[in-house]
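Have the structure open and follow along.

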Amino acid sequence: MKQNLLPPLIKKKYDTLAFQKFLKISIALLLISRLFILNFTKIPDVLGQRFELTTPITSLKKLKEGLYLFQHGLDPYEGGLYTQAPLLLFLYHILSYLPKIFESLLYTTCDGLIAYYIYHISIYRKKNQLSLYWVKSAPENKFSTDTENAVIDSDNDSEQELKVPPQKLGIKKNNKLFKDISSQRPVDILLNPLLVVTIYLVNPFTILSCLSKSTIIFNNLAYVLFFFYKFQENINLSMFFAALGSYLSFYSFVIVGPCLLFLIENKNDSFKKKKIIAEAIGLYIVYVASLLGVSYLLLGSFRFLKAFYGVVLSISDLTPNIGHYWYFFTEIFEHFRIFFLWVFQLHIIIFVVPSILKFKEQPLFLTLVVTSLISQLKTYPSVGDVALYMIFIPMYQELFKYMTYPFYTLNFFLYSISFEPLMYDLWIWQGTGNANFLFIINLIFNIAQILLLTDTIHAFLKREHERHYPEFRGKELAWK
Amino acid sequence: MKLLKNYFYIFSFILLFTNVCYSEYSSEFHFPNEKEEIIDGFFSKSRHTNNWAVLVDTSRYWFNYRHIANVLSIYRTVKRLGIPDSNIILMLADDVACNPRNRFQATVYNNAERKLDLYGDNIEVDYRGYEVTVENFIRLLTGRHLPDTPRSKRLLSDDRSNVLVYMTGHGGEEFLKFQDTEEISSYDVADAFEQMWEKRRYNELLFMIDTCQASSMFSRVYSPNILATGSSLTGQNSYSHHLDPELGVAVIDRFTYYNLETLEYVTLQSQKTLQYLFNTYDVSLIHSTPGIRHDLFERNLNKVLITDFFGAVYNIELTLKGYKLSRRNENDIPNVKQSSISDDDDKIEKINNNNDLIPKNKYRMIKINSKKSAKVSPLFLLGSVALISGVVFMSKIIN
């Protein structure tokens, strides 16, 4: 049915060489400034104590304390002080022998590597964007309006259109692209991978998370590497990094599901699908087991399982963070604790399967949804987790015009971000508030994230619907 | 190109691990020099383990307000630096705080600005009013009390105690006036200190006296390990510092005032020495020459900390090993035999073997290595190299 389909109408507005150069310079500057700030200022020490940026399972101070115990021959998990993965201990043990600059270099390199792989993921997304065809509407369809934007119906012309500069096509310069949803196909901006990278690096959440030297960056790196190899269809390495990610922070195991889906996507042979699934699951289990085994060899006992994964699952450390479990578990009765623990753990993973079922044709969007869900709902969230799913949102710029309440969501974010440190300060330092103040702002922050997620999903679904059913294009939905 | 990339990764990992191995098993770590000095300082020259202070005000009546203020200032200093009330004997011959002539009732100030109330609600006076006598003072020092003397009135020092004795009042050549009716001579003081030495009631003693012709009071001392300082030499008078116009009396003496100028800035961690304190004595300010007697004192004044006498800073010895407590030591705990009341009840006679003096479970002490000695097991390194190479190997197989 190729004649009935139209390629997307893409406009390369910001793709000038000067802009690219500007982006490259800004990326370099951002990385260098991270290195400078990490190494030469006291900002990491100050930020390392903030509750939004570090949690008990990602805090560098706790890691240093565990490292001290480890280096003096004691069990690092003694006393319940250190609750992170054992291999991080080994990494920092090596770092302690090296000069001080290597620690800052490590964080900068991790951020740089994440940026590099985001670049490749957004190149994949760019191809994906170009490959989404729009169903051509029938000529008698009264809803199709031909506006002054040059809408080209034939397939051949539209392929050339991408190579021809905009001026020659007669497209006017002052087109209001974002308001143009009434045409046959909306005019989208071609994704600029460098822009996505710059947005990631300039995102205040990533900057703060990197500068606070929280260890969530290794988790994020494993995630991004996992996605990268997933889109390269490299089963082995993607499963290895998925294993590494779930080793470093427990809830990353849910992304194996979408990964499997993606890997079997384009294969027609059902036997091959099963083979790939079996291979992938087998590899994943082997890698997780080997990582745990290597940790056992490092420490000499399996105590770290209870000390690390036990803390993540049973929420035994109730330090305030930006999630909502800490508050809840301070006030429930012990009698109900296990029940609520099970309910909340179920709540975290229960949204993954429906989203897989819904978004099985669009694996990149599925990764956004699943990553966003577990970043919000995991037991010890921090701002670094928010930074993780915000990688994918700029890749879907065409959804911004379909969002129904972006300004509202933005306000929620700004409100919660500005009040969160204030309420913590009021509660802990000044003593004039209490935990309720902070908890409310936590809830509002969660609402902001959920609004962003649901708005994105809504926009995506609407757009997909418009893509498949031309009679709905340009119409505002009658229901809310 | 992909294969080359893999080999590059393998090579770099092997390089990294060999570096780690090399650094692990061949490097030595030392504490930096400054830490060694601090540790040396802990094993410091003074061998005292506790501190006592005997603070005596010998004069009564309202116009001797400054003597009570002197003693209370030293009391405050000594307490602030950590000596507990149980280790301080405070003797005040008069209560000026509740004197009807005191305009500011229940307060004692040592400064006309009246910013600091020395009396407060947290002072413990052990000898008050007419209890401050020569006899009581000498009994206190020598430890020869009447049997019904309460513990708070006894100087329970031992041979590891550093004792500070501070006296203030009106004095003259070789005597000190107590309560307007009697006096103590320098020979009495010297003999009392000698009795203290014989009974091993002090490790080191600092005798500080703020009266007229103060140095004469310690001129007859002959016992070892005594350091003495007085506000003026024989033949000189000691003067008061300033008077409070609203109270109408002088509130502090010069010698004590200038001592406090230094002592107020001493903290528990302070490393300032007594030599530093003595160097701050300025004759032009004190208006009398302070006398210092250190011929009986063994240690160099440059090494004696102010907190050795004025504070309660204990020396801690770090040990790297713990002690293993076993369940029962045959030699230490005697078997308690319950004697039978009557010969008929043989059953009652038991040997009590269950001593609860030692806890039942053994303690396992962990040896803490002072130097960084984390042994990363070679198995772990091997395992991680195996893991990395396994990943790379698998990627070749599967793809």
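Leu261(A) has a relative accessible area of 21%, so it counts as partly exposed; that label covers values between buried (under 20%) and exposed (over 50%), using a 1.4 Å probe and protein chains only. You'll find Leu261(A) in helix α12 of chain A, residues 256-263. Helices here are DSSP runs of H or I with at least four residues, numbered from the N terminus. Setting aside neighbours within four places in sequence, Leu261(A) is in contact with Ile356(A), Lys360(A) and Leu366(A), where contact means heavy atoms within 4.5 Å. Between Leu261(A) and Ile277(A) there are 8.7 Å, C-alpha to C-alpha, with the two 16 residues apart in sequence.

A bit of housekeeping: this is a predicted model, so local features need pLDDT of at least 70 and side-chain atom pairs count only at pLDDT 80 or more, while totals for chains, interfaces and linings use all residues. Residues are numbered from 1 along each chain as its sequence is written, chains are lettered from A and ligands numbered from 1 in the order in which they are written, and side-chain values use heavy atoms, with hydrogens and water left out.

Here are the accessibility values side by side.

| Residue | Relative accessible area | Class |
|---|---|---|
| Leu261(A) | 21% | partly exposed |
| Ser104(A) | 1% | buried |
| Cys98(B) | 45% | partly exposed |
| Cys212(B) | 19% | buried |

Ser104(A) sits in helix α5 of chain A. Beyond residues up to four places away in sequence, Ser104(A) touches Leu35(A), Leu38(A) and Asn39(A).

As for the cysteines, how many disulfides are there over all chains? The count is zero, taking a disulfide as a pair of cysteine sulfur atoms within 2.5 Å.

The structure holds eight cavities of 30 Å³ or more; a cavity is a set of points on a 1 Å grid over the protein atoms alone where a 1.4 Å probe fits but cannot get out, and lining residues have an atom within 4 Å of a point. The volume of the largest cavity is about 90 Å³, counted as the space filled by probe spheres set on the points. Its lining includes Arg125(A), Tyr396(A) and Phe460(A). Helix α21(A) gives the most to that lining, with three residues. Where does the largest cavity lie? Domain 1 (17-132 + 189-399) and domain 2 (400-467) of chain A both give residues to the lining, so the largest cavity lies between them; the domain bounds come from an automatic or database domain assignment.

Definitions and conventions
1 Å grid on protein atoms, 1.4 Å probe; cavity = no way out; pocket = protein on both sides within 12 Å on 5 of 7 lines; lining within 4 Å. Helix = DSSP H or I, 4+ residues; strand = E, 2+ residues; numbered from the N terminus.
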